[in-house]
Amino acid sequence: MKKGNLWRLLFLVSTLALVLTGCGDPELSALDPKGTGADMQLDLIMLSLYIMLGVMAVVIVIFTYVLIRYRQRPGDNHIPKQVEGNTKLEIIWTVIPIILLIILAVPTVYQTFVLAEDAAETTEDPVEIKVTAHQYWWEVEYPEYEIVTAQDIYIPAGERVHIELTSVDVIHSFWVPALGGKMDANPGLVNEMWLEAKQPGTYKGKCAELCGASHAKMDFKVVALERDQFEKWVADMKEPAPEPTTVSAQEGKQLFENNCMACHATDAGQKSLGPNLNGIADRKTIAGFMDNDKENLEKWITDPAARDVKPGSSGPKGMPAFHDKLTEEEISKVAEYLQTLTIE
Amino acid sequence: MSTHVSHAHKKKNILWDYLTTVDHKKIAILYLFAGTLFLLIGGIEAILMRLQLMVPENDLFVGTTFNQLLTMHGTTMIFFAAMPLVFALMNAAIPLQIGARDVAFPFLNSLGFWLFFFGATLTNISWFTSGGAPEIGWTAYAPLALPEYTGTGSDYYVLGLQLSGAGTLIGGINFLVTIINMRAPGMTFMRMPLFTWTSFVISALILFAFPPLTVGLFLMMFDRLFGANFFDVTMGGNVIIWEHLFWIFGHPEVYILILPAFGVFSEVIPTFSKKRLFGYHSMVFATTLIAFLSFMVWVHHMFTVGLGPVANSIFAVATTAIAVPTGIKVFNWLFTMWGGRIQFTTANMWALGFIPSFVMGGVTGVMLALPPADFQFHDSYFVVAHFHYVILGGVVFGLFAGLYYWWPKMFGTLLNEKLGKLHFWLMFIGFHMAFLPQHWLGLMGMPRRVYTYLEGQQLDTWNYVSTIGALIMGVATIVFAINIVMTFVKGEKAPADPWDGRTLEWSIPSPPPEYNFKQTPLVKGIDAFWIEKMQGNKEMTPAEPLGDIHMPSPSILPFIMSLGFFIASFGFIYHVLPVIIIGMGIGLGSMLARSLKDDLGYHIHTDELQEKGV
Ligand SMILES: [Cu+2]
Ligand SMILES: [Cu+2]
């Protein structure tokens with residue numbers, strides 16, 4: 001038993017060490033916060049962790065002591081004194097936890113209200129972003145700029161942005177651990193939250209509510225830029241994309257217009273059934289999770305619902321596979337065209 | 001030739017015996033075997049999922065298949081393994097602990113079991129159907145669980161839970177009445193063993209918590225089978241209603257599971273410390289307080305739904321309050337051991353292993369109750385770690401403690417202690433290895449219920465470690481199975497009182513005769529049997545003269561009734577009217593038969609009792 005306790009203690013210490021070093025992917029981990037919301041949340045997590053580790057320490061110490069001191073020794077057959085209880089002790093271990101919980105409750109309630117504030121509380125005229133969850137992608141709309149895009153959410157750093165969340169199908173949950181927690185995207189309802197990145201950077205986001213076969217791949221990015229860079233991004237997004245120059249890309253454009261336009265808009269302000277592909281060449285990823293290169297574009301167009309892509313995503317509202325509609329060569333041309341859809 | 005015939009004859013009898021039994025001791029064994037079977041199935045599902053998650057971008061079970069595994073794992077473990085195993089212990093111990101000859105409604109007891117069993121079987125059969133198993137999580141959130149998004153698997157979920165839930169509700173009511181009405185003379189409420197107390201409280205929880213689930217399942221069933229629109233937002237429905245109904249049930253459900261485990265520890269720890277339970281009164285008080293509070297905290301599962309800061313704050317404070325009575329319990333256990341003489345039997349090892357494990361689950365529970373923190377924890381692996389700490393480290397450790405403790409009473413044999421300890425240590429190590437890393441996996445950004453994770457997010461190492469832990473738990477389970485088989489083949493015979501027990505069940509033979517107590521015992525205080533032993537008596541003082549004992553007769557009707565509803569379920573799922581009519585006909589017909597036929601039971605006469613000794 002003694003060994004077992006030592007082992008447990010070791011584990012505890014290593015837990016603490018791990019949490020303290022704040023490890024994990026710096027673009028993803030909640031332990032390495034890059035946003036004001038995530039900062040507050042981590043502070044509360046650490047406060048509660050310390051209190052809880054204190055409680056655990058007390059339990060473990062008493063536990064270890066009791067096991068060693070009162071273990072049955074060979075030949076010992078005495079009948080211990082039958083103790084009914086001890087009012088004083090019982091009051092102590094009722095009152096102390098109550099005090100600890102009150103200590104926790106104060107910052108908890110305070111922060112709960114701060115996180116539920118309007119973005120406008122601290123930021124004048126915050127950027128409004130409407131995020132709509134679809135099985136398995138995120139539509140992003142900036143009503144004031146008349147920009148519709150997907151997967152990558154651009155925000156100005158150092159200020160709160162106001163996010164409106166909803167869903168068109170099942171329940172999803174919008175989670176950017178490094179910036180600040182999560183909020184559900186419910187069909188038929190609108191949720192509001194604010195996000196603030198302390199510094200420019202790219203932060204990974206995930207869908208946190210089981211939403212179907214490819215729930216695991218419903219990733220997105222939040223890209224925080226300095227204010228002037230952000231404004232440049234807005235302006236660039238509204239510029240029409242340059243005409244493709246190579247012949248194959250021009251053919252690709254034609255194929256795209258014939259096969260893909262029904263679901264994919266390519267000019268900034270337009271919503272479509274599938275993601276708006278304006279600036280697709282500059283997206284951090286394809287479909288939220290694959291490296292953005294030609295090979296992956298082809299892979300996606302060939303069969304978006306393939307086992308190693310997004311299984312189950314070719315449903316009634318999803319994107320069909322094109323391997324039986326277009327030849328490999330044609331798919332390659334479409335991909336080439338998509339790579340010209342850049343805003344830079 | 002003749003021996004062959006008689007052998008076959010006997011075999012058939014055993015099967016018939018168990019199909020028709022209304023004896024709580026045999027129903028306990030039924031629950032135990034069915035629960036263990038589903039525990040194994042759920043465990044295999046868990047290991048398959050951990051294999052998929054062992055390395056990033058693995059290709060073993062992806063998409064829907066993985067979602068089916070996670071749904072069936074959760075549903076099976078909660079409803080078809082933990083619940084029946086709790087009922088197994090309740091059936092095995094409670095009538096004995098209160099000095100009763102059986103439960104209040106033996107027929108209903110059997111009906112409760114068969115409804116559960118057919119419900120569980122129904123849901124599991126979905127694996128072999130063209131629509132496959134449900135893929136909606138054990139929480140089955142609408143609209144994912146609606147026909148627009150998922151197929152017949154969800155129907156199997158809804159109907160299977162409806163059936164087994166009815167069984168659980170019946171079982172709960174039965175135990176409520178049993179504990180209120182059937183206690184032996186002198187066994188006042190405040191003299192009841194703590195396991196009986198916690199079971200009493202959870203029976204009340206079942207009575208109030210299962211109806212919301214039933215209502216939710218009915219709405220879901222109407223949406224799915226008959227095109228109603230309770231959860232369809234385009235038709236004025238609302239998807240959040242399901243979440244409320246589910247968690248109004250779901251939160252008390254975790255207490256329905258954990259409180260009996262607390263009860264087991266409150267029996268095991270005093271027995272093997274040779275001391276009475278420290279703070280009995282505060283233990284009872286804490287149990288009832290936890291039960292009350294458990295109905296006022298469900299929104300902590302819904303902090304991210306967007307109910308607003310006022311609701312979130314209120315439910316946060318209510319939730320953290322549960323830590324107080326829980327803490328009281330932990331300290332009472334510690335101080336029961338304080339000054340005692342602690343014996344490290346396998347049953348007690350589980351109880352001792354439980355204390356640090358459960359405390360860890362408890363403290364993460366408090367952390368989860370803080371909405372701002374929960375915005376990070378929610379639906380991440382942190383939650384997965386938390387509830388496995390409380391359910392595995394709490395409930396399952398409790399079930400194992402109870403099983404090693406009461407096995408001799410149930411079967412009259414002793415489980416092998418050496419294998420038992422090996423089982424414990426492997427499980428204990430595997431458990432911490434599997435779930436401890438999941439705490440920080442969640443904080444490092446891993447959502448729960450994902451079938452894979454991409455490389456380069458620093459999630460690889462700890463997922464690997466977690467899978468190794470799960471595999472060690474698998475090995476532990478094999479050791480456990482070997483122990484059971486060996487005990488059946490050549491187990492050491494158990495005396496009536498192998499552990500120097502304190503409560504009534506240890507005052508009668510192992511296994512007890514069908515009527516339990518030849519004469520109803522007179523209870524003189526808490527730990528009634530211990531009191532007698534301390535006064536130098538070997539047996540309980542009887543409260544009545546020897547007389548004829550009235551016994552309920554066995555009946556096949558509970559089995560047939562449940563079978564009827566089971567058959568009807570297929571009719572509902574595949575919209576085949578004749579099957580519905582046949583199934584409902586069988587079910588309602590056997591209800592009618594039961595109502596019209598008087599069953600007077602039978603008597604065991606005094607001379608027979610004398611003959612059997614005891
Ligand atoms: Cu999603
Ligand atoms: Cu809960």
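Across all chains, a search of the whole structure finds 84 aromatic pairs, where rings of Phe, Tyr and Trp (its six-membered ring) pair if their centres lie within 6.5 Å. This is a predicted model, in which local features need pLDDT of at least 70 and side-chain atom pairs count only at pLDDT 80 or more, while totals for chains, interfaces and linings use all residues. Residues are numbered from 1 along each chain as its sequence is written, chains are lettered from A in the order in which they are written, and side-chain values use heavy atoms, without hydrogens and water.

**An aromatic pair in chain B**
- W440(B) and W462(B) have ring centres 5.1 Å apart and planes at 80°, so they form an edge-to-face pair (planes under 30 degrees apart count as stacked, over 60 as edge-to-face and the rest as tilted).
- W440(B) belongs to helix 14 (residues 417-443) and W462(B) to helix 15 (residues 460-490), 22 residues apart; helices are DSSP runs of H or I with at least four residues, numbered from the N terminus.
- W440(B) is buried at 2% relative accessibility, whereas W462(B) is partly exposed at 24% (buried is under 20% relative accessible area, exposed over 50%, partly exposed in between, with a 1.4 Å probe and protein chains only).

**Charges over rings**
- The charged end of R502(B) sits over the ring of W530(B), 4.2 Å from its centre (NZ of Lys or CZ of Arg within 6 Å of the ring centre and within 35 degrees of the ring normal).
- R594(B) lies over the face of F107(B), 3.8 Å from the ring centre.

**T112(A)**
- T112(A) is in helix 3 (residues 87-115) of chain A and is buried at 2% relative accessibility.
- Leaving out residues up to four places away in sequence, T112(A) touches P309(B), N312(B), S313(B), P371(B) and P372(B) (heavy atoms within 4.5 Å).

Methods. Helices (H or I, at least four residues) and strands (E, at least two) are DSSP runs, numbered from the N terminus.
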